[in-house]
Amino acid sequence: MKFTESDRLLAMPPYVFSEINAIKADAEKRGIKLLSVGIGDPDLPTPKAIVEKFVDAIRKAENHGYSPYEGPLEFRKAAAEWFEGRFGVALDPVKEIVALIGSKEGVAHFPLAFVNPGDKCLYPSPGYPIFQTSILLAGGIPVPIPHRAENGFLPDPKELEALIVEHKPKYMLLNFPSNPTSAVCTKEPLADYVALAKKHQTILVGDLAYSEIYYDANQKPVSMMEIEGAKDVCIEFHSLSKTFGMTGCRTGFAVGNPSLVAGLLRVKTNIDSGPLLAVQEASVFALQNAERLVAPLRDVYARRREIVLKGLREMGIEYFEPKATFFVWAKVPGNRSSMAFTKELIEKQGLVVTPGSGFGPEGEGFFRIALTVPEEKLKEALERLKRGIHG
Ligand SMILES: Cc1ncc(COP(=O)(O)O)c(C=O)c1O
């Protein structure tokens with residue numbers, strides 16, 4: 001029997017990656033050994049000290065029950081302390097922080113708290129696909145904010161204001177450091193975006209999942225909360241996934257305006273029952289020892305980044321120099337679409353990259369390489385890429 005899916009599910013855009021999966025499966029059937037630099041999931045294991053904390057914590061019976069919906073106070077206090085140390089902003093762990101089962105969970109549930117069917121919301125293009133689909137799932141109307149190469153993949157404030165005036169969005173979402181472009185937004189443009197949100201009484205949502213994977217300690221990614229008055233209009237999503245190589249643990253948190261945090265929590269109390277307590281204990285340890293745990297991971301990505309950038313330069317492929325994230329955003333050589341280029345690389349070279357069009361129309365003409373495989377594999381990927389562009 002076949003049942004009709006809901007209108008909101010039918011409204012989902014076609015999933016570009018399922019097309020790629022089909023091409024990969026076909027290539028494998030033909031005996032091609034695939035090498036993927038397409039996936040944003042770190043190959044590096046979670047640091048041993050965090051794993052040991054988790055193992056100790058899961059052995060304790062008091063960690064076997066439900067967690068508080070908002071996350072244990074210990075976790076929220078650790079998040080507040082980390083936040084103040086990193087961004088210089090004090091947060092109230094009771095009213096201004098909620099624990100998440102990964103930041104994707106929070107980003108996806110947030111629209112259910114504040115978006116009515118038919119409300120418009122602005123999201124980045126190119127961007128992490130969930131930013132668009134979470135609006136659709138809440139019955140909202142997603143409107144892309146173009147992030148163009150000529151503007152360093154940041155929204156142009158004038159164009160953004162015109163979009164706000166035209167669409168009167170319930171919220172606008174920005175993600176810096178960006179997946180997929182790797183662009184970082186400094187304090188000045190960020191202050192302009194916060195000012196626009198205040199002027200037009202729009203919620204500003206931030207996603208800082210990659211805040212700690214940066215390559216220049218003098219240009220660390222900034223938080224919206226550093227901008228004067230941001231707490232009036234902003235909510236910001238943070239993740240331990242990339243920072244500590246904890247993607248499988250599902251741990252993150254949202255910070256910001258108390259009514260926005262409370263709204264998200266009300267949705268969550270009706271959907272989930274809080275994050276695993278043992279993961280929360282391990283997360284407290286991670287946040288309290290952040291710098292010594294993240295620095296080695298950052299060094300690994302920095303070495304990989306150098307290898308890839310050098311390889312691309314030698315091939316004459318243009319790229320946007322990543323200041324943060326573990327992604328390299330590069331221009332598709334020649335006149336092919338990003339999907340045609342990706343297909344050809346898989347079919348002829350067994351190399352999987354991510355086509356820019358998978359991140360929205362503004363991603364066309366680009367492809368993404370993830371630095372989530374060891375150096376030897378990256379070198380092999382560059383060889384395959386070279387063979388791919390030279391035919
Ligand atoms: C921009 C961005 N935000 C959020 C997430 C989700 O991270 P988490 O593991 O915390 O759910 C990702 C994951 O790829 C991402 O790229």
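Analyst: Happy to! Helices here are DSSP runs of H or I with at least four residues, and strands are runs of E with at least two. On that basis the chain has 13 helices and 13 strands. Keep in mind that this is a predicted model.

User: Thanks! What radius of gyration does the chain have, against that of a compact globule?

Analyst: The chain has 21 Å, and a compact globule with 391 residues would have a radius near 21 Å, so the two agree. Along the principal axes, the C-alpha atoms fill a box of roughly 60 × 60 × 55 Å.

User: And how many of the residues count as buried?

Analyst: Of the 391 residues, 55% do. As for the surface, the chain exposes about 17200 Å², with carbon and sulfur atoms supplying 53% of that area.

User: Switching to charges: how many positive and negative side chains are there?

Analyst: There are 47 positive and 48 negative ones, and the centres of the two sets lie 3 Å apart.

User: Now one residue I'm curious about. Where is arginine 384?

Analyst: Arginine 384 is in helix α13, which covers residues 375-389.

User: Is arginine 384 buried or exposed, and why?

Analyst: Buried, because its relative accessible area is 12%, and the cut-off for buried is under 20%.

User: What does its side chain reach at 2.9 Å?

Analyst: The side chain of arginine 384 reaches the backbone oxygen of lysine 33 at that distance. Leaving out residues up to four places away in sequence, arginine 384 touches Lys33, Leu34, Leu35, Leu345, Gln349, Gly350 and Leu351.

Conventions
Residues numbered from 1 in each chain as written. Predicted model: local features only at pLDDT ≥ 70, side-chain atom pairs only at ≥ 80, totals over all residues. Heavy atoms only, no water. Buried < 20%, exposed > 50% of the residue type's maximum accessible area, 1.4 Å probe, protein only. Polar contact = N/O pair within 3.5 Å; in protein donor to acceptor, adjacent residues only side chain to side chain. Contact = heavy atoms within 4.5 Å. Rg over C-alpha atoms; globule rule 2.2 N^0.38 Å. Areas by Shrake-Rupley, 256 points an atom, 1.4 Å probe, with all protein chains shown as cover. Lys, Arg positive; Asp, Glu negative; His and termini not counted. Charge placed at Lys NZ, Arg CZ, Asp CG, Glu CD.
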